[in-house]
Amino acid sequence: MSDDKTKDVVHKTPQTTPRYSATFDEYTNSEIRRAAATGIYDIRGAGSKRKLPHFDDLLFLGASVSRYPLEGYREKCGTDVVLGTRFAKKPIHLKTPVTIAGMSFGSLSGSAKESLGRGATAAGTSTTTGDGGMTQEERGHSETLVYQYLPSRYGMNPDDLRKADAIELVIGQGAKPGGGGMLLGQKITKRVAKMRCLPEGIDQRSSCRHPDWTGPDDLEIKIAELREITDWEKPIYVKIGATRPYFDVALAVKAGADVVVLDGMQGGTAATQEVFIEHVGLPILAAIRPAVKALQDLGVYRNGKNSVQLIVSGGIRNGADVAKAIALGADAVAIGTAALIALGDNDPHLEAEYQKLGTTAGAYDDWHEGKDPAGITTQDPELMKRLDPIKAGHRLANYIAVITMEAQVVARACGKSHLHNLEPEDLVALTIEASAMAQVPLAGTSWIPGVTKF
Amino acid sequence: METLKFDLDTKPLREVNQFLHGDASSLNGKVIVIENPNGAHNIAVGLKAELDITIKGHAGYYAAGMNQIAKVTIEGSAGSGVAENMMSGVVHVKGFASNAAAATANGGLLIIDGDAGLRTAIALKGADVVVGGSVGSFSAFMAQAGNFVILGDAGEGLGDSIYEAKIFVRGKVKSLGADCEKKTTSAEDRQILADLLVKAGHANVNPDSFQQYGSARTLYHFHVDNAGAY
């Protein structure tokens with residue numbers, strides 16, 4: 001009897017639990033199957049989704065014995081910022097360093113553009129046009145509007161250029177440095193097609209290079225042209241995707257930029273190839289210090305009227321991120337993805353509809369398909385109606401107010417009477433990678449890889 | 001008619017341009033001569049009044065850039081991006097033009113009597129361009145709308161990724177770019193061509209001596225069969 005039992009146990013070979021490959025993980029396999037079925041690369045919206053060294057890997061050192069903190073709520077901690085002091089007759093004055101990044105009408109609905117304008121205006125900040133030109137929804141509701149001047153020049157006309165408060169010459173963006181935009185047929189409605197001078201319903205590919213200049217010497221003449229046309233009134237920003245920030249910022253300054261906008265790979269796009277989003281460019285954490293170094297080396301960093309301001313973007317989510325970006329040397333930040341979430345993008349209350357699209361709230365990124373149930377990344381007139389620009393604008397204004405106040409909380413704790421008084425010395429890093437990239441010491445040590453010896 | 005003269009040897013370009021941006025009601029109908037341009041960049045950019053301007057010599061980059069309404073004549077040659085993003089009006093280059101002439105121009109007419117460089121009429125968005133001589137490579141790249149007439153030859157990759165613009169070439173085309181093909185000229189298109197030849201001072205040239213080119217429209221939608229072109 002007992003012999004039989006023993007036999008049973010021995011014959012049952014123990015099985016290992018099913019194990020997925022870390023290399024061929026579920027997402028990777030699904031991408032291989034998708035590619036095999038369709039024969040064309042994956043296109044999606046948003047920025048890099050992989051885990052990257054980011055502001056979360058930094059901590060502030062609050063004041064204590066050696067530093068003197070400021071009283072929360074009471075003692076002044078300034079948040080205002082002036083952009084475009086160097087050459088423009090009319091610099092931009094903002095109440096908060098949180099600006100709205102360029103996003104196109106076409107990729108976004110008219111109601112979404114109106115919401116951004118309303119929210120930004122209520123918060124005392126600027127909003128920015130995108131590929132496809134300026135709409136009345138946007139100009140009408142934005143007190144301070146930055147007009148993007150892009151390689152495609154879709155919808156670009158001198159009347160709008162003159163209506164703008166500042167001009168942003170776009171060379172690249174963090175999600176796809178070296179690539180042009182895409183707007184697929186579903187979103188090229190009659191109005192969008194007319195603004196861009198394209199046939200309705202085609203899959204539009206924006207150019208990746210400017211048509212009438214090549215290289216930094218030409219850029220200088222192009223900036224001069226924009227200044228001449230607008231009688232030297234408007235600040236001229238140059239926006240670059242983070243790749244070689246030291247050299248690109250230096251060349252932008254030399255070419256005559258008033259403001260440099262530096263966008264990391266976490267920055268979103270309306271649509272581009274997945275492989276481009278995830279594998280080209282730098283996380284913003286790695287790009288800020290070299291950019292600031294370029295400004296310092298050229299004598300235009302926080303140097304009174306002769307300053308070139310730095311706006312950074314790509315993964316800014318809360319006041320801590322704002323404060324960290326500023327402490328590393330930025331004058332202001334720009335938000336895109338976070339602004340869309342504040343408007344109502346990817347909201348859990350629409351979960352049932354996201355499920356119908358084969359996704360889930362928080363992960364929806366097929367913005368190019370134009371089926372956004374939140375009415376934001378669409379040109380469908382019925383879906384668009386779901387976004388109330390007054391309420392959505394209100395949510396955005398609230399959100400900007402909150403992250404500005406959060407940044408003040410941190411700054412006061414560090415004893416700063418203005419956000420711009422934050423400095424790298426207020427920060428430490430939690431990881432060796434972040435320490436090397438942000439050039440602040442690894443927490444509890446005086447070690448900065450690449451700068452000091454361990 | 002009163003003629004106003006500006007001498008760029010003595011007057012800063014910025015002041016000249018600012019004067020030319022003045023109130024249209026006081027500028028309309030004025031005849032203006034700009035002397036000693038000496039290749040300066042950004043001459044007469046951003047005009048928006050009925051002006052008749054003659055530049056007595058060579059202009060640098062972006063001459064008459066973003067022009068609206070005005071007529072600008074350059075008696076010499078023009079640098080890169082002449083009449084770039086023009087909206088309306090007429091720009092006439094009596095000499096040669098460098099690269100990217102009429103880039104992204106939305107309206108109006110650019111006449112170049114001589115040859116033009118690389119990327120002429122790149123991303124053209126509706127303007128008319130007539131080149132008396134030949135054009136360089138990659139001309140009409142991604143051209144969206146408008147009419148582009150070349151009396152001489154065209155370089156490599158003409159009309160690459162072209163949308164709805166129309167190209168008419170009298171001479172030889174070294175090669176066509178992706179998705180650009182020969183077209184049969186309709187009676188309507190022949191009329192467009194004939195009118196442009198007259199407007200550009202080539203009334204004696206026979207419209208039937210041109211070959212028309214345009215988009216094959218095979219790249220208008222992302223498709224696996226087009227993978228080689230992406």
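Visitor: How does A:Arg302 count, with 14 C-beta neighbours inside 10 Å?

Guide: Burial is read by counting neighbours: a residue is buried if 20 or more other C-beta atoms, placed from the backbone, lie within 10 Å of its own, exposed if 12 or fewer, and partly exposed in between. A:Arg302 counts as partly exposed because it has 14 such neighbours. Keep in mind that this is a predicted model, in which local features need pLDDT of at least 70, side-chain atom pairs count only at pLDDT 80 or more, and totals for chains, interfaces and linings use all residues. Residues are numbered from 1 along each chain as its sequence is written, while chains are lettered from A and ligands numbered from 1 in the order in which they are written.

Visitor: Where is A:Arg302 placed, and what is its phi?

Guide: A:Arg302 sits in the loop between helix H10 (284-297) and strand S14 (309-313) of chain A; helices (H or I, at least four residues) and strands (E, at least two) are DSSP runs, numbered from the N terminus. Its phi is positive, about 45 degrees, although A:Arg302 is not a glycine.

Visitor: What of B:Ala102: buried or exposed?

Guide: B:Ala102 counts as buried, because 37 C-beta neighbours lie inside 10 Å. B:Ala102 also has a positive phi, near 60 degrees, without being a glycine. Look for B:Ala102 in the loop between strand S5 (90-93) and strand S6 (109-112) of chain B.

Visitor: Let's turn to helices. How do helix H3 and helix H15 of chain A pack?

Guide: Two packed helices are described by the angle between their axes and the distance between the axes. Here helix H3 (residues 110-123) and helix H15 (residues 389-413) of chain A pack at about 45 degrees, with axes 7 Å apart. Axes are lines fitted to C-alpha atoms, for helices over the stretch in contact, and angles run from 0 to 180 degrees between N-to-C directions. H3(A) and H15(A) are therefore oblique to each other (under 35 degrees is roughly parallel, over 145 roughly antiparallel, 65 to 115 roughly perpendicular, the rest oblique). Among the residues making the contact are A:Ser111 and A:Gly119 of H3(A), with A:Gly393 and A:Leu396 of H15(A); contact here is C-beta atoms, placed from the backbone, within 7 Å.

Visitor: How do the axes of helix H8 and H10 in chain A cross?

Guide: The axes of helix H8 (residues 245-254) and H10(A) come within 8 Å and cross at roughly 40 degrees. This crossing is right-handed. Residues that meet include A:Tyr246 and A:Val249 in H8(A), and A:Pro290 and A:Lys293 in H10(A).

Visitor: And which strand order does the open sheet of chain B have?

Guide: Strands of a sheet pair through backbone hydrogen bonds, either parallel or antiparallel. The open sheet has 11 strands in the order S1-S2-S3-S4-S5-S6-S7-S8-S9-S11-S10, with mixed pairing (two strands pair if DSSP finds at least two bridges between them). Its edge strands, S1 (3-7) and S10 (180-183), each pair on one side only. Neighbouring strands are turned by 15 degrees against each other on average, direction ignored. S6(B) and strand S7 (residues 125-131) run parallel, joined by 4 bridges. B:Leu110 stands opposite B:Val129 in S7(B).

Visitor: How many residues of chain A are in contact with chain B?

Guide: 22 residues of chain A are in contact with 37 residues of chain B. Helix H7 (residues 215-229) of chain A gives the most to its side, with 5 residues.

Definitions and conventions
Contact = placed C-beta atoms within 7 Å. Left-handed = near helix turned anticlockwise from the far one by under 90°.
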